[in-house]
Amino acid sequence: MLRWGLIGASTIGREWMVPAIAAQPDSTVAAVASSSPERARRYADELDIAKAHATVADLLIEPTIDAVYISTTNEWHEPQVLAAIAAGKHVLCEKPLALSLDGARRMVAAAAAAGVVLGTNYHLRNAATHRKMRELIQTGAIGQPLAARVFHAVFLPPHLQGWRIDRPDAGGGVILDITVHDADTLRFALGDEVAEVTAMTANQGMARAGLEDAVMGVMRFRKGVIAQFHDAFTTPHASTGFEVHGTDGSLYGRDVMTQRPMGTVSVRREGRQEEVPVDHENLYERSVRCFNAAIRGEGEPAATGTDGVESLTVALAVREAAETGQTVRVSSE
Ligand code: NDP
């Protein structure tokens, strides 16, 4: 049985990841660490976790913990991942992997040197809808992909209107929160890397002044696809979507940029549009299943540490493009 420790008494842990780890036949949540002893205790009691630790070091020193899931605010990811790796733990870290590219690269290098598994929790790669679109693209169902559109503007629910909208030092803002997901999902579906980006941001009144709560932009991929994206915290009535248009057909993913196992995929070609069946599965459960398998030496996490570096590179380039008004070349090397 793999014993997981949580670093961070977070909402995502409560809502999705603790149940996802517990749902596996081969893993259990054994401990949680928080910067507040009271919060750790309350969280452990609420979620039926045996041990609550007041420091990350106390959790990491436990020899019986095999893997840690890190879901603190973003500025903590790098030091906590490095500490966990130094303690010999496998690490599944939330996105964005770090706040800087150098930091993210250090994390990947440290995991490789220590021989532990490092994953980035990009849940959307685990969605049956996105997996189906990737498969259809790979098998040539739409010919050569030419263009993509990502609709990922949402309304940030009141219980999450905290650091995301008022703490730039914690990696707040919609680009590091949502655009990283677009970058990772496009990379996954297209099997290609971003070459350059351009973008404009806005503050539409939810985030504090100086922090973006909406962004639109374009990514150009190395093989030529151009992809438009719209991400926001501010649109209560927008629906989400993911489209890829090719020489021989178009893919329409509807209501697919979400945490829930839902949404539809349809293909339009030769004058007909047909929905493609997908077997929905809890995205976070699949993420943990793949990670547990990777610990046993069977395959890789759904999104690796390197995927975390690549998508962060794109997001930082989007931020730079918006700030400078220039097209920014993307390079993670
Ligand atoms: P939360 O704000 O819920 O939790 C983040 C941290 O805030 C916790 O680790 C905790 O610190 C601290 N905290 C929690 N409650 C309180 C409180 N009442 N007062 C003060 N501090 C508190 O963040 P999220 O769960 O929304 O996000 C956490 C991470 O997960 C981020 O990196 C985010 O980007 C990522 N995320 C990923 C998603 C995905 O689908 N892949 C979805 C949502 C988030 P401590 O640990 O010290 O107690």
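Two strands count as paired if DSSP finds at least two bridges between them. Keep that rule in mind as we walk through this structure, which is a predicted model.

Let's start with one pair. Strand β1, residues 2-7, and strand β2, residues 27-33, run parallel and are joined by 6 bridges. With at least two bridges needed, β1 and β2 therefore count as a pair. As background, strands of a sheet pair through backbone hydrogen bonds, either parallel or antiparallel.

Now widen the view to the whole sheet. It is an open sheet of 6 strands, and reading across it you meet them in the order β3-β2-β1-β4-β5-β6, with parallel pairing. The edges are taken by β3 (51-53) and β6 (118-120); each has a single partner strand, so one side of each is left without a neighbour in the sheet. If you look at how neighbouring strands of this sheet are set, they are turned by 25° against each other on average, direction ignored.

A helix belongs in this picture too. Helix α4, made of residues 77-86, lies across β1, β4 (67-70), β5 (90-93) and β6. Its direction is at about 165° to β5.

Next, turn to the ligand. Which residues are closest to the ligand? They are Thr11, Ser34, Ser35, Asn74 and Tyr284, out of 24 residues that surround it. This shell divides into 5 nonpolar, 14 polar and 5 charged residues. Helices α1 (11-22), α7 (163-166) and α8 (174-190) each supply at least two residues of the shell.

In the side chain of Tyr284, an N or O atom is 2.5 Å from an oxygen atom of the ligand. For Lys95, a backbone N or O atom lies 2.9 Å from an oxygen atom of the ligand. For His77, a polar side-chain atom lies 3.1 Å from a ligand oxygen atom. How much of the ligand does the protein bury? Taken alone, the ligand exposes 890 Å², and the protein buries 77% of that.

Finally, visit Met216, which lies in strand β9, residues 214-221. Leaving aside neighbours within four places in sequence, Met216 is in contact with Ala199, Met200, Phe229 and His230. Met216 and Thr179 are 37 residues apart along the chain, and their C-alpha atoms are separated by 9.4 Å.

Technical notes:
Residues numbered from 1 in each chain as written. Predicted model: local features only at pLDDT ≥ 70, side-chain atom pairs only at ≥ 80, totals over all residues. Heavy atoms only, no water. Helix = DSSP H or I, 4+ residues; strand = E, 2+ residues; numbered from the N terminus. Axes fitted to C-alpha atoms, helices over the stretch in contact; angles between N-to-C directions. Contact = heavy atoms within 4.5 Å. Near = heavy atom within 4 Å. Polar contact = N/O pair within 3.5 Å; in protein donor to acceptor, adjacent residues only side chain to side chain. Areas by Shrake-Rupley, 256 points an atom, 1.4 Å probe, with all protein chains shown as cover. Nonpolar A, V, L, I, M, F, W, Y, C, P; charged D, E, K, R; others polar.
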